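These are my notes from a first pass through the structure. I took the chains one after the other, then the contact between them.

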Amino acid sequence: MTPENALPKEHYLNHGYGWKSWLLTTDHKRIAWLYLVSITLMFFLGGFAAFLIRLQLLTPQGEILRNDTYNKMFTMHGVVMIFFFLIPSIPATLGNFLVPLMVGAKDLAFPKINLISWYIFIIGALYVLWIILSGGLETGWTFYTPYSTSYSTSNVTAATLGVFVLGFSSILTGLNFIVTIHKMRAPGMTWFRMPLLLWALYATSLIQILATPVLAITMVLVAVERFAGVGIFDPALGGDPILYQHMFWFYSHPAVYIMILPGMGVISEVISCFARKRVFGYKFVAVSSLMIAVFGFLVWGHHMYVSGMSPYAGMTFSLISYLVAVPSAVKTFNWTATLYKGSVSYDTPMLYVLGFLGLFMVGGLTGLFLASMGLDQHLHDTYFVIAHFHFIMVGGAVMAYFAGIHFWWPKMTGRMYPEAWGRLSAMILFIGFILTFFPQFILGYMGMPRRYSVYVPEFQTLNVLSTAGSTILAVGYVMPLVYMLWSLKYGEIAPANPWRAKGLEWEATGPIPAWDNFPVTPTVTEDAYNYPQRPVAEIERERAAGRAEGRMPELASGD
Amino acid sequence: MIFVPQLFPEQASTGAVWIDYFYFFMLALCGGVGLTVTVFITLFAVKYRRRYDDEIPPESHESKWLEWGWTIFPFVAFVPVFFFSTAVYFKNATPPANAMEIYVTGRQWMWKFQHLDGQREINTLHVPVGKPIKLVMSSEDVIHSFFVPAFRIHMDVVPKKTTTTWFEATKAGEYHLFCSQYCGTEHANMIGTVYVMEPADYEKWLAQASFGGMALRGQNLFNKLACNSCHTGDAQARAPYLSNIYGKTIQTDAGEWVTVDENYIRESIYKPNAKIAAGYAGIMPTYEGQLSEEELQTLIVYLKAIGSGVQQAPPISNPQGVQPQPAGKNPDGTLPFKPDSAKPGTAGTEPAKQPEPAKPAPGQPAPTNPAPAKTGK
C-alpha cells in the first residue's frame, strides 16, 4: 500500500470557493457538510441544556434553576436533541454523503430538493432558537394535551409550527433516498448486493415518509385548538386528551426507529470492515431493518398503558412490542457472529462499535421491562424510562454516529483524525456514559419520576453519581470536536482506502471524491463486504496497474 | 446526606410482591442473555484480534440452522415472558369486591382526597393496613398521574374522565406519593404522603373528622340542584328513576346498550344528550361548568349508594337540605368498612343525634315515592 502524500488537484471541497458555492450547492457531499455543521451546533446547544439539568439535580432542593426554567431546559434538551440532532444525524450527514457514493451515482435523485430540505431545516432551527430566546417552551418535547393546548403560557403555538415545518425536511430527505436507491443503483448492484447502511436508510426513509405527516397533522391540531379554541384534545372544550397521545406516539414511536435504524446500518459497515469479514447473515440483517420499520408502526400504545386506555388494547401492544425486539436481537447476534474468526482491530470506529454493542444491548433488554404491562405500572414515567431511552439513543444512535463520522472522515475530508486521541475519547465517552445513565435505572425502580426539578433526599446519592458521569461525558464530546477541527487543517493526508474497506465509496472514488463522484460509472460484480481471501498486496498491485492504464479498477473479487 | 444509596424501593402492598418477582425474573433472564452475548463479543474480539497488518481471516461459513435458530428462539422465549407480565398486570388490575373507595382529585399542583365517611385531605392520604383501597380518580385541569412507588401503582388522572386503581397496603408507615405525568411549573412539588395506619389508629383518625358522609353530601347536592323534580320515579316522570340503576345495563334511544358506571354518570350530567335513556326526551340541561370535580364525585357516590338498595331521596323543601352528620356513623349504610364506634364530631358541628329527614330506611319506599317506575330500560 502506498499512501498518497497529496490530495488530488481537483476534488469536491476545492471545486468552488465562496459562500455561494456552499449555500447554493446541489452537491450531496457539500449538503452533508451543511447538515454536519448545523446539527453539531444543535447538539452542543441540547447538550448544554442537559448539563444544566444534571447540575440542578446535584442537590435535592435544586440550587441553580427556578422550576419553570428547569422545565424549559428539559423541553429544550428534548426538542433540540430529537428533532434537530438525532432524527437528521446519520441520514442527513452520513446518508447524504454516502448514499450516492454507495449506489455508484453522481448525486441523489433530486439534488435541488436536497438543498431545499436543508433550508427548511435551518428555518425550523432558527425559529426554535427564536422561541428559546423569546421566553422558551415548557411543555416537554411530548406536548401532552390539555396542558399544551389550554394551560401552558409559553410559546407552544410557535413551537408546534416549528416542528411542523421541520417535518418537511425529514420527509424530503426520505423521499430522495428512496428514489435514489430504487432508480440509481450502478449496474450490477442488486438489492442483495447493497451495503447494509443502504438497507437501513431505506427502511428509515419509509418511516420518515409515512409517519412524519401524522406528526404534522397533530401539531396543526394543537395549534388550532390553542389559538382558535376548537375542541379537539381538551376535554373542557369537548375534546379527548388520550386521542392526542395516540396521534403523537403514532409518529413518535416509529421516530425512535428513525433515530436508531441508520445507526444499526453504520454498525454493520464498520464491524465488517474492522473484522475483515462479510457481515454474518447479511440477508437476515437486511430484512430485519424492514421488519423493524413495519412492526415499529404497531407498537405506539406501549407508551400509554396507564393512560386509561383499555387493558386489552394494552395487551396487544405489549405482545407486538416484544415481537419488534426480535429483529434487533437478530442483528445483535449476527454482529457478534461477524467477529468470529475475523481479524479484529481496535481503531477508533471499532471502539465505538464495541461500545455500541454493549450499550445498545442494555438499552434493548431494558425495553423488554417497559414493554411488559405488569412492570410498566411501576416504571412508567420514572428515570428507568430515561435511562432506557438514553442507552438506545446516546449509547446506541450517538455512538454509531461517532463510529460513522470517524470511519468516513478520511473520505469526507481527505485527512486522518489523530488516532490516539480518537481512542482516548471513545473510552472516556463509554465510561462517562455508563456512570451517567446506569444509576438512573436504579433511581427509576426506586421511583424517582422524570421531569422533577427537585426530589426527595433519598435519591441524592445516585443523582450525584449521574451528574459526576455527565461531566466526564461532556469531556468525551468536546474532545472529538477539537481534534476533528484540528485535523481539517493539520491532519495527516489520508490514503484512498485507509481501512482497506470494501464498497464503492472506498474503492472507486480515489482519496477524496471528485465533484461528480465517479469519472466512470462503476460496475458491481460482487456481493457487499466481499473481503479478500488472498494477500492484500496482490490486489493492490492489480489496482495500481488498472489506474495506470486509465480505466476504473476492476473491483477485487473475493477468492 | 446519605452515603450508601438505597438500591431497592420499599415493598408495602400486596401487588408490589408480584411486580418485584417479575422484575427479578426479568433481571435474571435479560441479565443472563446480555451477559452471554457480552462474553461472546469479548471472547471473539480478543481471540481473533488482528495480529499483523496484512492478516486475512478465513472465509466465513454461514449457517442457516444457526440463523433461523436465533431468529425463532426469541419469538418462542417471549411468549412465556409476555404471559407472565400480562398475568401480573391482570392480577393487579381488578380491585376486590370489598375494596373501600376513596375519591381522588388531581389539580395543579395538589392531590385532594375525599373519604366516603366524609373526611377530606390535601396531599396526605390516610388508609388502614390490610384493607383493599380502590381509588376513583379524576382531574380538574390537566393530566396528572398517581404514583406510589412503595405500592408499585401508577395511573393517569385525566380531566373529565374517571380512572381507577387500587392497592392493599401491607405495612404501616409513610410512603411517597408523586405526580409522574408532567403537569406544569410545580410538577415536581405535586407530591404527598400516604400514611398507612393500623386499623385501630385509622379508626381513631376517622373519628376526628366531622363532615357529613360523602353520599350525604351528594344527596344534598342532588336536592339543591332539584334533580328530583324530573327524576321523580312516578308514571309521568320526564326522566328515569335513579334508584337501583347503578351498574345496570340500559338501552339508549339510539338502541345501544350502555352500562351505568362512573363515566356514564359523568357524561349524563355534563352531556345529557349524548346517550339518552330509551323512552325519554333529551330535555335535561347540561351541568358542565357548574359543578366542581369534587361535587361531581359526591353525586357519583350518591347514585352508587341508591344503586345498592337505598331509595332515592324524595324532594324536600328544607332549603338547607340534609344536616351534616358525624363521620364514622356510616349514615348511608354504603360503607363496606364500618367502624363500630365513632366519636362525635369535634369541630363544633351538629351533634350525632341529628334526625335524618331525607333518608328513608333501605328497602322501605319513602311515602312520596311510588314503587320504582321505569328505569329507562
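**Chain B**

I began with chain B and found six helices and twelve strands; helices (H or I, at least four residues) and strands (E, at least two) are DSSP runs, numbered from the N terminus. The model is predicted, so local features need pLDDT of at least 70 and side-chain atom pairs count only at pLDDT 80 or more, while totals for chains, interfaces and linings use all residues. Residues are numbered from 1 along each chain as its sequence is written, and chains are lettered from A and ligands numbered from 1 in the order in which they are written.

I looked up burial next. A residue is buried if 20 or more other C-beta atoms, placed from the backbone, lie within 10 Å of its own, exposed if 12 or fewer, and partly exposed in between. Of the 377 residues in chain B, 41% are buried.

In helix H5 of chain B (residues 262–270) I listed B:Glu262, B:Ile265, B:Arg266, B:Ser268 and B:Ile269 as buried. Seen down the axis of H5(B), its buried residues fall within an arc of 165°, so they line one face of the helix; the arc is that of the directions from the helix axis to the C-beta atoms.

I noted two loop residues. A cis peptide bond joins B:Gln108 to B:Trp109, with omega about -10°, and B:Trp109 sits in the loop between strand S1 (100–107) and strand S2 (110–115) of chain B. B:Asn123 is not a glycine, yet its phi is positive, about 60°. B:Asn123 counts as partly exposed, with 15 C-beta neighbours inside 10 Å.

**Chain A**

Chain A has 17 helices and zero strands. I counted 60% of its 559 residues as buried. The C-alpha atoms of chain A fill a box of roughly 75 × 45 × 45 Å along the principal axes.

I then took one helix pair. The axes of helix H8 (residues 241–275) and helix H9 (residues 282–295) of chain A come within 11 Å and cross at roughly 175°. Axes are lines fitted to C-alpha atoms, for helices over the stretch in contact, and angles run from 0 to 180 degrees between N-to-C directions. That makes H8(A) roughly antiparallel to H9(A), the word used for angles over 145 degrees.

Which residue of chain A did I follow in helix H3 (residues 67–103)? I followed A:Thr93. A:Thr93 is buried, with 26 other C-beta atoms within 10 Å. Leaving out residues up to four places away in sequence, A:Thr93 touches A:Ala32, A:Tyr35, A:Leu36 and A:Ile39; two residues are in contact if their C-beta atoms, placed from the backbone, lie within 7 Å. A:Leu36 is 57 residues from A:Thr93 along the chain, and their C-alpha atoms are separated by 5.5 Å.

The loops again gave two entries. The peptide bond from A:Thr145 to A:Pro146 is cis, with omega near -5°, and A:Pro146 lies between helix H4 (111–133) and helix H5 (147–151) of chain A. A:Asp381 has a positive phi, near 55°, and counts as buried, with 23 C-beta neighbours inside 10 Å.

**Between the chains**

How many residues does each chain give to the contact? I noted 73 from chain B and 76 from chain A. On the side of chain B that touches chain A, the largest share, 14 residues, comes from H2(B).

Definitions and conventions. Parallel < 35°, antiparallel > 145°, perpendicular 65-115°, else oblique.
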